[in-house]
Amino acid sequence: MNRAEQGEAPRSPHRAWIEVDHAAIRSNLDALRALAGPDKQVIAVIKADAYGHGAVEVARTLARAGAERLAVATVGEALDLRRDGIELPILVLWGIGPPEAAAALDAGLETILYDERTVALLEAAAADRGRRASVQLKVDTGLGRQGATPDEALELAARVSRSRHLRLVGTFSHLAVAGEDDAYTEVQQLSLARTLDAMRSAGIDPGLVHLAATGGILAGAGSYADAVRPGIGLYGLVPGWAAERGHSLRPALSLKALPLRIFDLPAGSAISYGLRFRGPPAPPH
């Protein structure tokens with residue numbers, strides 16, 4: 001299957017194809033920015049080939065539409081973007097291993113850290129190149145998936161601030177149940193806020209602060225942050241709890257196919273596996 005701008009005919013002999021509406025992506029970016037507030041930067045998440053929408057093409061659209069930064073899952077995804085001329089700052093959301101540290105530095109990527117091992121790894125790679133690596137500190141405030149505890153985060157931030165080869169450019173967390181459990185979300189927000197206060201009290205600049213992904217934006221969470229991190233919302237998708245609520249996001253992807261066969265059946269006939277489709281019965285005489 002091939003991707004095409006909406007309205008174009010398929011460019012291959014395939015009978016099924018995907019169309020990606022980049023006007024919808026631009027509209028969704030504007031809508032999410034308006035919800036988050038005009039003072040917030042947008043870190044547009046385009047991991048997993050922009051959720052199947054085509055990472056390079058989407059990155060170019062988002063850059064032209066004013067997104068300040070991009071985020072991907074892996075160093076490999078980021079390197080693909082760099083090879084295709086994408087110059088926006090790119091945050092790598094997964095942790096990295098020894099083979100990736102040098103490549104991330106050479107490509108000017110922002111990598112995350114949440115343990116001493118990663119600090120040492122990035123510091124050694126940066127020292128070897130005589131450079132400073134830009135890093136973002138991830139704090140686990142309750143998702144339980146990835147990140148340093150608030151106490152560990154303060155220690156790591158102090159470690160980075162003392163390093164000649166690391167530069168802290170951001171501090172962030174991720175919400176577990178935004179829009180579903182307001183009390184738990186508030187606990188997470190307070191946890192990050194207290195961590196930031198402790199960092200600032202210690203004379204450490206946390207850099208760009210971000211917390212809300214699509215669900216958080218729709219729920220109005222993270223008002224004190226500097227940026228938002230929308231992913232699925234850029235493509236017109238929303239969490240299940242938000243599906244029945246009003247929003248202006250538009251689906252960006254369409255799957256289309258040419259018909260295989262058009263034919264008439266007697267009224268009430270069933271077809272295909274399990275005979276799950278049954279035509280309407282004949283009208284009464």
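The side chains of Arg 229 and His 210 are joined by a polar contact of 2.9 Å (a pair of N or O atoms within 3.5 Å; within protein, one must be able to donate a hydrogen and the other to accept it, and residues adjacent in sequence count only if both atoms are side-chain atoms). A second polar contact, of 2.8 Å, links the side chains of Arg 229 and His 174. The model is predicted: local features need pLDDT of at least 70, side-chain atom pairs count only at pLDDT 80 or more, and totals for chains, interfaces and linings use all residues. Residues are numbered from 1 along each chain as its sequence is written, and side-chain values use heavy atoms, with hydrogens and water left out.

- Arg 229 is located in the loop between strand 10 (227-228) and strand 11; helices (H or I, at least four residues) and strands (E, at least two) are DSSP runs, numbered from the N terminus.
- Arg 229 is buried but has no salt bridge; buried means under 20% relative accessible area, exposed over 50%, and partly exposed in between (1.4 Å probe, protein chains only).
- A salt bridge requires a side-chain nitrogen of Lys or Arg within 4 Å of a carboxyl oxygen of Asp or Glu.
- The nearest side chain of opposite charge to Arg 229 is Asp 140, 11 Å away; Lys and Arg count as positive and Asp and Glu as negative, while His and the chain ends are not counted.
- Beyond neighbours within four places in sequence, Arg 229 is in contact (heavy atoms within 4.5 Å) with residues including Ile 43, Val 45, Leu 93, Phe 172 and Thr 214.

**Surface features**
- Phe 263, Leu 265, Ile 271 and Phe 277 make up a nonpolar surface patch with about 350 Å² of accessible area together.
- Patches consist of residues with over 30% relative accessible area and no salt bridge, with like charges joined within 9 Å and nonpolar side chains (Val, Leu, Ile, Met, Phe, Trp, Tyr) within 5 Å.
- Accessible areas come from the Shrake-Rupley method with a 1.4 Å probe; for residues, only the protein chains shown count as cover.
- Leu 265, in the loop between strand 11 (253-257) and strand 12 (270-271), counts as partly exposed because its relative accessibility is 40%.
- Ala 34, in helix 1 (residues 22-36), counts as exposed because its relative accessibility is 59%.

**Overall chain**
- The protein chain has nine helices and 13 strands.
- Of its 285 residues, 46% count as buried.
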